Amino acid sequence: MALFSVSQTAFLLAFLSLRTYQSEGLSEPLPWAPESLKVSVNTTCQCLHLQWTVHNLAHHQEFRMVFQIEISRIKTSNVIWVENYTTTVKWNQVLHWSWESKLPLECAKHFIRMRSAVDAAKTPGPRVWSSWSSWEEADVQNSLGQDPLFIFPKDKLVEEGSNVTICYVSKSHQNNISCYLEGVRMQGEQLDPNVSVFNLNHVAFIRETGTNIYCKPGQGDGIKGTVLFVSKVLQEPKDFSCETQDFMTLNCTWDPGSDTGLLKQLSQSYTLFESFSGKKTLCKPKSWCLWQVAPESQDMYNFTLTAENYLRKRSVHLLFNLTHRVHPMAPFNILFKNVSATSATMTWKVHSIGKYYTLLCQVELYGEGKVTQHNVSVKVDGAHLFSGLEPDTEYLAQVRCANGDYFWKWSEWTHQNFTTAEAAPSEAPDVWRNVKTVQGRCVVTLFWKPLSKPQAHGKILFYNIVIEYLDRTSVSEVLSIPAPASGTELPLNQCSSQIRITASNSVGTSPASVLVVSREPGNEEVEEERVKGTEDGFPLSWNPQPRHVTGYLVEWCEQPRDPPCDLQWKNLGPNVTSTVVSSDAFRPGVRYNFRIYGISTERVPYLLARKTGYSQELAPSDNPQVVMTNLTSHSFTLSWKNYSTESQTSFIQGYHVYLKSKAGRCHSGSEKAVLSDDVVCCKYKIDNPEQKTFVVENLQPESFYEFLVTPYTSVGEGPHDAFAKVTTPDEYSPTLIRILLPTVFCILLIMITCYLKSQWMKEKCYPDIPDPYKSSVLSLIKSKENPHLTIMNIKDCVPDSIEVLNKQEGTRKSLTETESTKPTYLYLLPTEKRYSSPGPCICFENFTYNQAASDSASCGHVPVPPKAPPSQLGLLTSPENLLKALEKNYMNSLGEIPAGETSLNYVSQLASPMSGDMSNLPTNPPEPALCSEYKMQMAIPLGLASPPSSGSSSLSSITLLDEGEHYH
Amino acid sequence: GVVPLLLVLHWKHGAGTPLPITPVNATCATRHPCHSNLMNQIRNQLAQLNGSANALFILYYTAQGEPFPNNLDKLCGPNVTDFPPFHANGTEKTRLVELYRIIAYLGASLGNITRDQKVLNPNALSLHSKLNATADILRGLLSNVLCRLCNKYHVAHVDVAYGPDTSGKDVFQKKKLGCQLLGKYKQVIAVVAQA
């Protein structure tokens, strides 16, 4: 204390003397001026670091001093920064001060000087400064190297939105250097002839790998660049919160915001500090941290969460009572006890948060589309009774808990399903029937609807049917139909019976539905009425019944076009006389038939009304299949009797018959109509839908007509497509047909007959060989010249001799040789023998002919092939063909005949091979045999060769060769 | 004493210029027998490198961003002064020795580039993959060339030189040096593969 008093006294004395000295003319410097000023440059942080001392301080002497520091740029007169730095100075102390330059220090020289003063803030009056130190120069440019161009700063890290100064230093004294940021040229200002500065304001984050900034001179290759790393601004952690589930650990969470990680900077780190305990922990995850609750009972916690990166720190605080931040764990071990059809008890366990705390649990029950909620206070185990439940129903129960003393947060839900037990069905099944008579016996088809879930109270197992015959003559029958059947067919012993139907599940049986089948079929004569359907369904109404009814029933088929029909019914009360029948199955264009029954007190149904209608009528999509009959030149009849009016898409009101004709005139009973394609035609209207024939009259003969029959309804008529075509016949054509047809038939018959009997006709009319008996020439000769001439009767001819000529053996004769041989004749002689082997030729000479005649035409020696095929021989029916065949086969025949053999030829004297008996020739070819000559026997008239003396031959022959081609 | 003097002499001798190759009559042994068709394999590896060099170059300068893709001549020109020479008209032995030096130089430089790019462009995975694949082929090629030199020419050791270390350079300079090296690599490998 004494030392302090001494120092203070000395300081005051010195201060007073200094003030005195200053007032006398400031000729002497302050004794505590800064000395040994040294300036160093840190280019990493672009900082100038100053270091100096204050001499003349006594040992252990210290007092506060102010150091005024001036910084000039480029030249000393250009002062850019003045700052007073106040600090306590001790003896022999080295003082430090740093200054961060906005401009990269490499860009310009900096000059620094300082002076000092004793900090006399408590003493009034102006401050007494020491003299300035000499200027210290900070010049980094000298150490840059020999490159022609430099850009600074290098790899600078800044926050997004901050301002950055870039510069380049050119040592090549080029002025046309351009600099770019991400390809965009920057506009700068020249600091000195070699240095230009670019101020970038509010720099934006572009990418984590940095932003390229580069400068390139106008000449040369020396592009230089630097990378600017712009990080996102570190954000304050949001939603900082801490809570505990077990009083063992605190779970603190927050929203970290954007990541500020860069190449030059790691992501921000988070530190949690609790001020009461003085503990601190580094949180590795970025959004949460665990804090161990102190074992001693510390209720209050004051947390500071600090986010920090290279550039910035941000902190948030949280002060809370631990018991107010309890977030219980979810309940567990949910069980259901005493589950009946209508009630159940749920139990659960909770994680204890201490014996002094009570949990508030919330119980919810979901089932049958309803939710019920209850709150229960729980220490350790919870329990709750659910009542009023539905039998055989699945429920979902869930529970969650919170601190009952100070609510902070609910726990997570824990849920569990359970199903109540079954009970007996509560309602009788809805039953209806269909009665029909099969072979004189009543057959009842029962239908029932399945009980709904609230009615069934469980799974229906059987439907029980009891049939009681009303006249008591038959024993009651009991049937059990297994579910899920919805109907059954029962043949009854007697029609009058009462049927009771019940449904059973595993617990019990439902009340019974009673149906009475009456002997009387009911009033089937009820007239059918039309009803118009609406969007809501079919509105049906009926007259109230004078007699007492227990109710009404409406019956219909939902699928009337399909055989099973899908019978539906609707039960109505006794006071109801109208209803609307609706169903999703109703379709437009389908006719639905409804039958309304009254149910008597004896449970006997009787028919009250029949309704039919469409939910929506549709225009007919098809036209009738029309048959046209009775076509005459002036009319025809159209008929479409197969067209059913009941199964159409709307009520048929009648038909339109359209008739198109070229004339375009419409007669009475029709009107002109213009179709959609602007075609004009005549329209006949038929008002009666059951009239399905129509006679179109007043037509023109030989005219073309087109017609169409289409039904019309209240919503339109059928399609106007596919007109049928018809052409009326000529008026006279039927008569002509009656004449022409028989004539043509007769001509055809004659032609066919002539064709089939052509041979017969030929023989009769113009035979190849005229029959002498029938020849008119003969009769002419006979009458005019020689009445004695007659025709030789074959029977009168007796052959008197047969000359057999044996031909020389081993000789072969050519055709020319044969020609020169006289008299050698070849005749064809019919024979019964088979031509099995060749033989010597035998010629039978017929002396009926004279020699001349025989030479000229009678006997020709024709070699015949030994085995000529019938077809080949058949060609001989024609002289030309025969000749050719002979010429062709002649040599072969000769060649095939062995030497020394002879052939025998027979010549028919009865018929010519050219005649109708030619068939003998191919079928019985002459067999080569010993050559015989036969001379035809024929009476020759005068003028011809004299007949030979022997006229006994009865055979006649005809030569096979034409004149001039005979071989002798 | 003597040891520092020897060290200094040795350092002086080895600094700056590569050492001469091993004398022909020196003993040379490889751990594994060389492949029978070694020269063919070397040619194939060179062709493989030549085939992928341009793609690697494009991947590299694209990943660096502007101004690299549009200033290839100024930023990625093959201005690598200390790159080992190659004479295509030399003898096979000479060419193999020069190839060995080139491969060693490239291997080291690619290592630097790969290391830098993993930091500078951590998301450029295809570039990393291509760099690694090229480095793998270079290692195989180096082994084959050494095998050939050793077996045929009894050269067991070749002094090599490496490029500058980029670890202390600024980011832009690292990018630029890498681009220049890959540009040079693309140019040289085409010549070597043709030789």
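Tutor: Chain A has an accessible surface of about 52500 Å², and carbon and sulfur atoms account for 53% of that surface (Shrake-Rupley method, 1.4 Å probe, with only the protein chains shown counting as cover for residues). This is a predicted model, in which local features need pLDDT of at least 70 and side-chain atom pairs count only at pLDDT 80 or more, while totals for chains, interfaces and linings use all residues. Residues are numbered from 1 along each chain as its sequence is written, chains are lettered from A and ligands numbered from 1 in the order written, and side-chain values use heavy atoms, without hydrogens and water.

Chain A holds ten helices and 55 strands (DSSP runs, H or I of at least four residues for helices and E of at least two for strands, numbered from the N terminus), and 42% of its 968 residues are buried (under 20% relative accessible area, 1.4 Å probe, protein chains only). Chain B, by comparison, comes to six helices and zero strands, with 43% of its 195 residues buried and an accessible surface of about 9900 Å², 57% of it from carbon and sulfur atoms. Among contacts (heavy atoms within 4.5 Å) at a separation of 6 or more, residues 24 or more positions apart make up 81% in chain B and 67% in chain A.

Turning to the meeting place itself, 18 residues of chain B and 18 residues of chain A take part in the contact. The two chains bury about 1500 Å² between them, 54% of it given by carbon and sulfur atoms (accessible area, 1.4 Å probe, lost on putting the two parts together and summed over both). Of the area that chain B buries against chain A, 37% is supplied by B:Glu66, B:Lys74 and B:Phe172, more than by any other three residues.

One salt bridge crosses the interface (a side-chain nitrogen of Lys or Arg within 4 Å of a carboxyl oxygen of Asp or Glu), and A:Lys154 and B:Asp170 form a salt bridge at 3.8 Å, N to O. On the side of chain B that touches chain A, helices H3 (72-75), H4 (92-120) and H6 (171-194) of chain B each supply at least two residues, and H6(B) gives the largest share, four residues. By class, that side of chain B divides into eight nonpolar, five polar and five charged residues.

Terms used:
Buried < 20%, exposed > 50% of the residue type's maximum accessible area, 1.4 Å probe, protein only. Nonpolar A, V, L, I, M, F, W, Y, C, P; charged D, E, K, R; others polar.
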